[in-house]
Amino acid sequence: MKSPALLSLALAILAGSAQAHQLWIERDGDGPARVFVGDVDGERDRGEDVAKLAGTTRLFAADPAAPLKLTAHDDRLEAPAPAGADLRLVNDQVWKPWRAKDGTLKAAVFNAREGRRDTRAALDYEFVPAAPQGDRFTLVFKGQPVAGKTVTVVDPNQWAKRLKTDAEGRLALPARGPGRYVLVASHSVKEKRQVVGETVDAVDYTATLSFVVH
């Protein structure tokens, strides 16, 4: 049995991992969707840490009820995807629910999107472009804009900059040339949610958006 000190340390590490880890989607043209796990501007998970998510990650294009079949590779999950469509995913089973220091039972929910053609939100937590292929976005949580939220933007050279959404939840992408950009934001809320058969009291949400500028 772990001592209280070791248990507190384990919980702190888990909470830190939830904030540091992301799931994000990359795609080149109309090629396959590639789902990566880890830190967008740091190390990526590999092997079993990636493979175990193949069965719990729901990746879809237009229809959330029609998930795309993912296969595991050493450094990614991959699936063929329809041409010309934005892609989205949800996973709430990257970690099992855990107890926070205050006794709250928490869970982590990962939302990811690739592409900026669609100007509507289809995930609980999502970056939504103001115009198709535009460089202005609104960060939305369950239909409502999220004001004053810190957003990390990682550019094609892995240069990371932190921005904040304005009073309407909006932000503009700084222009730094062609290539792939990834936006990342987190959001913690107290809410009841069923995760792996347990009712949790609070959820740490993470949203990522990736797209290519030509």
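# Reading loops, rings and overall form

Trainee: Where does Leu-68 lie?

Mentor: Leu-68 is part of the loop that runs between strand S3 (58-60) and strand S4 (71-72). Keep in mind throughout that this is a predicted model.

Trainee: Which residues does Leu-68 touch, leaving aside those up to four places away in sequence?

Mentor: With those neighbours set aside, Leu-68 touches Leu-59, Phe-60, Ala-79, Pro-80, Ala-81, Pro-82 and Leu-87. Take Ala-81 as one case: Leu-68 and Ala-81 are 13 residues apart in sequence, and their C-alpha atoms are 7.2 Å apart in space.

Trainee: Let me step back to the whole chain. How many helices and strands does the protein have?

Mentor: The secondary structure comes to 2 helices and 16 strands. The radius of gyration is 17 Å, close to the 17 Å given by the globule rule for 214 residues, so the protein is as compact as a globular protein of that length. Along the principal axes, the C-alpha atoms fill a box of roughly 55 × 40 × 35 Å.

Trainee: What share of the contacts comes from residues 24 or more positions apart?

Mentor: Among contacts with a separation of 6 or more, residues 24 or more positions apart account for 55%.

Trainee: Now the rings. What describes a pair of aromatic rings?

Mentor: The distance of the centres and the angle of the planes describe such a pair. This structure holds 6 aromatic pairs. In one of them, the ring centres of Phe-141 and Tyr-205 are 5.0 Å apart with the planes at 70°, so the pair is edge-to-face.

Trainee: Why is the pair of Tyr-181 and Phe-211 called stacked?

Mentor: The ring centres of Tyr-181 and Phe-211 are 6.0 Å apart and the planes stand at 15°, so the pair is stacked. The cut-off for that label is planes under 30 degrees apart. Tyr-181 lies in strand S15 (residues 179-195) and Phe-211 in strand S16, so the pair ties together parts 30 residues apart in sequence.

Trainee: Which residues do ring pairs link into a cluster?

Mentor: Tyr-125, Phe-141 and Tyr-205 are linked in this way.

Trainee: Last, the backbone. What is the phi of Gln-133, and where is this residue?

Mentor: Phi of Gln-133 is near 65°, a positive value in a residue other than glycine. Gln-133 sits in the loop between strand S9 (125-129) and S10, and is partly exposed, with a relative accessible area of 43%.

Trainee: What is the phi of Lys-142, and which loop holds this residue?

Mentor: Lys-142 is not a glycine, yet has a positive phi of about 50°. The loop is the one between S10 and strand S11 (144-145). At 43% relative accessibility, Lys-142 counts as partly exposed.

Definitions and conventions. Residues numbered from 1 in each chain as written. Predicted model: local features only at pLDDT ≥ 70, side-chain atom pairs only at ≥ 80, totals over all residues. Heavy atoms only, no water. Helix = DSSP H or I, 4+ residues; strand = E, 2+ residues; numbered from the N terminus. Rg over C-alpha atoms; globule rule 2.2 N^0.38 Å. Contact = heavy atoms within 4.5 Å. Phe/Tyr/Trp six-rings, centres within 6.5 Å; stacked < 30°, edge-to-face > 60°. Buried < 20%, exposed > 50% of the residue type's maximum accessible area, 1.4 Å probe, protein only.
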